[in-house]
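Keep the sequence and the picture open while you read.

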Amino acid sequence: MATASNYLCLVGLQSREDHRKQIELEEARKAGFAPAELDEDGKEINPHIPQYMSSAPWYLNAERPSLKHQRKWKSDPNYTKAWYDRGAKVHQAEKYRKGACEKFIEFLIWSL
């Protein structure tokens, strides 16, 4: 027969004492009295990061808090940021064309 404490362990809930200890530990980490928590890679997790950001979603099956789910997962080795020149003038008219201004004004009127 399952007792209340066994049920809490099976479901994954915490008792009052465990919850209080966890909150005290978090406060000590934020104050700098306790060492910061380490993630899977051994990097320190900033104690001021909220829990909803440091804990991964349930479908990722993460056992420990980590910021790995916040980073870019798939990095494309062929990706380059230079797929177009920023600020480069692709086409600029070199001479005036009759009717160009009227067409632009019509475009502005229709786009509103």
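**Notes on the model**

1. Start with the overall make-up: the protein chain has 4 helices and 0 strands. Reading along the sequence gives the pattern α-α-α-α. Helices here are DSSP runs (H or I, at least four residues), strands are runs of E with at least two, and the numbering goes from the N terminus.

2. A word on where this comes from: it is a predicted model, where local features need pLDDT of at least 70 and side-chain atom pairs count only at pLDDT 80 or more, while totals for chains, interfaces and linings use all residues. Residues are numbered from 1 along each chain as its sequence is written, and side-chain values use heavy atoms, with hydrogens and water left out.

3. How much of the chain is buried? Of its 112 residues, 7% count as buried (under 20% relative accessible area; exposed is over 50%, partly exposed is in between, with a 1.4 Å probe and protein chains only). As for contacts (heavy atoms within 4.5 Å), take those between residues at least 6 apart in sequence: 27% of them join residues at least 24 apart.

4. Now look at helix H2, residues 16–31. H2 has 16 residues and reaches 22 Å from its first C-alpha to its last, close to the 22 Å expected (1.5 Å times one less than its number of residues). Just after H2, Gly-32 takes a positive phi of about 95°.

5. Arg-29 sits in H2 and counts as partly exposed, because its relative accessibility is 21%. Leaving aside residues up to four places away in sequence, Arg-29 touches Ala-34, Pro-35, Ala-36, Glu-37 and Pro-47. His-48 is 19 residues from Arg-29 in sequence, and their C-alphas are 8.7 Å apart in space.

6. Which rings pair up? A search of the whole structure finds 1 aromatic pair (rings of Phe, Tyr and Trp, using the six-membered ring of Trp, with centres within 6.5 Å; planes under 30 degrees apart are stacked, over 60 edge-to-face, the rest tilted). The rings of Trp-58 and Tyr-59 have centres 5.5 Å apart and planes at 85°, so they are edge-to-face. Trp-58 is exposed because its relative accessibility is 74%, and Tyr-59 is exposed too, at 54%.
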